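Notebook open, model loaded. I'll jot things down in the order I look them up.

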Amino acid sequence: MAAAAAAEDWGGGGALPQVYNSQQAPRRVGKAGEEAGGSRRRLMAEAGSMEKLRRVTLWLKKVFENQPIPHYEVNPQTVNILYNLKEYSETRERDLAFLVEDMEKRAAEYEAQAKYLEDLLTKGLGLSLSSLSSEGTTYLNALVNSAIALGTKDTSLASFFCAINYTSFELSAIESKNKELELEFANINKKLTAALALEKQLEECLRKTQDNLEVERVKAESRSQNLKFLRDKSEDFKIRIKAAEEKLAATGLDYSLMHQSILSMSEKLEEMQKEVVPVKKKLYSYLDLTPNPSLVQVKVEEARRELNALEAELSKQIFMLTLEVPEPRKYKFT
């Protein structure tokens, strides 16, 4: 088939040409083979889908019996879903059938064993339920109920011992588990108590923080109001000072008698006093010289004249200050 397809690809007839490309021919043959293989796979897939659809349809008819099958869209996805559901349902039904069969076998075995024991009691020992006393019947019922509760296969002493040991082991494991759970619960309770205490502390801290924030907010508002008041007062004082200066200027006040001018003159006076100090020291140094009447007299006279000039200048400055300082007057600022 692949060869025939390759021959048809060459366009022609049934025979290949005598001269052809050795690389191109196998490629064409392989391509034809792939197409044939793909066709076979598609046919097999379609056949499998049809088989699945047939089985799904039979299963749906079995499930709904005489009722009509609900309409559903037939496509590969829905068919696969229904097919998987069918497989799961059939597997579950088989398991249930096996379980029912096993339970029926066990019931038959239990009935045969009960019949054997009943025959043993009635025929072998001559006992029956009617011949037992009420106390014996009570004990027998208690024995049976105990066997059922413990899950023993019979009422023999060995079965009861095994069941009691197993139950005791389970009880010990459960008690150990309960102790672990109690310990874990105690730890969780401690953590919960600590968490609640921490939450309470956080709530208290939050409340205090909110109170402090409220106090600080009030203080900030008060400071803002005070700052605004001070700014307003500063502007008012600037306006009043400017008005007072204009009023003083209108009255002919000499600005040299103002406080700043007096401070400047005071600083000059201090400087002059400092200049007098070295002259006095120089004069005192001359006093320590050896006596020379003519030279000493000349130096003393020069120093005396210089000192007298400085003192006169100082006295003049002090006198001028006293003359220039006006008498205190009261001005009314508005």
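I start with confidence: pLDDT is the predictor's confidence in each residue, from 0 to 100. The chain averages a pLDDT of 76, and 76% of the residues score at least 70. This is a predicted model, so I take local features only at pLDDT of at least 70 and side-chain atom pairs only at pLDDT 80 or more, while totals for chains, interfaces and linings use all residues. Residues are numbered from 1 along each chain as its sequence is written, and side-chain values use heavy atoms, with hydrogens and water left out.

**Entry 1: where the confidence sits**

**Entry 2: the overall layout**

I get seven helices and zero strands in the chain, so the elements read α-α-α-α-α-α-α from the N terminus on. Helices (H or I, at least four residues) and strands (E, at least two) are DSSP runs, numbered from the N terminus. Buried residues make up 9% of the 334 residues in the chain. My cut-offs: buried is under 20% relative accessible area, exposed is over 50%, partly exposed is in between (1.4 Å probe, protein chains only). The accessible surface of the chain comes to about 28500 Å², and 60% of that belongs to carbon and sulfur atoms. Areas come from the Shrake-Rupley method with a 1.4 Å probe; for residues, only the protein chains shown count as cover. Of the contacts between residues at least 6 apart in sequence, 45% join residues at least 24 apart.

**Entry 3: H4**

I looked at H4 next. This helix (residues 134-150) has 17 residues and reaches 24 Å from its first C-alpha to its last, close to the 24 Å expected. The expected span is 1.5 Å times one less than the number of residues. Gly-151 follows H4, with a positive phi near 75°.

Which residues make a nonpolar surface patch of about 320 Å²? I list Leu-140, Leu-143, Val-144 and Ile-148. Patch residues have over 30% relative accessible area and no salt bridge; like charges are joined within 9 Å, nonpolar side chains (Val, Leu, Ile, Met, Phe, Trp, Tyr) within 5 Å. Ile-148 lies in H4 and is exposed, at 61% relative accessible area.

**Entry 4: H5 and what covers it**

H5 (residues 157-250) has 94 residues, which should span 140 Å; I read 135 Å between its end C-alpha atoms, which agrees. Which residues of H5 are buried? They are Ser-159, Phe-160, Ala-163, Ala-244 and Leu-248, and what covers the buried residues of H5 includes H4. Tyr-166 also sits in H5 but is exposed, at 52%. Tyr-166 and Leu-150 are 16 residues apart in sequence and 9.2 Å apart in space, C-alpha to C-alpha. Gly-252 follows H5, with a positive phi near 85°.

**Entry 5: salt bridges**

How many salt bridges does the structure hold? I get 13, counting a side-chain nitrogen of Lys or Arg within 4 Å of a carboxyl oxygen of Asp or Glu. I went through some of those in H5.

- Glu-204 and Arg-207 meet at 2.3 Å, N to O. They are three residues apart in H5, which means about one helical turn between them. Glu-204 is partly exposed at 32%, and so is Arg-207 at 40%.
- Asp-232 and Lys-228 have their closest N and O atoms 3.4 Å apart, and they lie four residues apart in H5, about one turn. Asp-232 is partly exposed at 42%, whereas Lys-228 is exposed at 53%.
- Asp-236 and Arg-240 meet at 3.8 Å, N to O, again four residues apart in H5. Asp-236 is partly exposed at 30%, and Arg-240 is partly exposed at 30% too.

Conventions: Contact = heavy atoms within 4.5 Å.
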